[in-house]
Amino acid sequence: MSKSTKKKKTVKALRDKHLADKNHVITDQEIKELDLDIDTTDPVVATHVPELPDNENRPKDEDKDPEMVTPWDIIK
């Protein structure tokens with residue numbers, strides 16, 4: 001079988017094989033043969049941006065990430 005006609009495994013298929021067989025060891029060759037192509041023809045995958053509803057109760061960015069205090073700040 002030539003390299004171009006050989007069906008490559010997906011990451012999910014390799015993961016499932018590894019989890020199903022406790023003796024399976026992932027080899028460098030298996031990693032090299034992984035199919036890492038992303039299907040950009042699927043409009044959901046290519047353009048999906050989650051919508052966040054406006055909510056006044058949702059914390060703002062500055063509230064979620066408080067300023068870091070370092071020992072130098074305490075000395076000042």
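Analyst: Buried means under 20% relative accessible area, exposed over 50%, and partly exposed in between (1.4 Å probe, protein chains only). This is a predicted model, where local features need pLDDT of at least 70, side-chain atom pairs count only at pLDDT 80 or more, and totals for chains, interfaces and linings use all residues. Residues are numbered from 1 along each chain as its sequence is written, and side-chain values use heavy atoms, leaving out hydrogens and water.

User: Happy to start with Lys-17: is it buried, exposed or partly exposed?

Analyst: Lys-17 has a relative accessible area of 36%. That value lies between the 20% and 50% limits, so Lys-17 is partly exposed.

User: Which residue does Lys-17 meet in a salt bridge (side-chain nitrogen of Lys or Arg within 4 Å of a carboxyl oxygen of Asp or Glu)?

Analyst: The N to O distance in this salt bridge is 3.6 Å. The partner of Lys-17 is Glu-30.

User: Is Glu-30 buried or exposed, then?

Analyst: Glu-30 is found in helix α2, residues 28-32. Its relative accessible area is 17%, which means that Glu-30 is buried.

Methods
Helix = DSSP H or I, 4+ residues; strand = E, 2+ residues; numbered from the N terminus.
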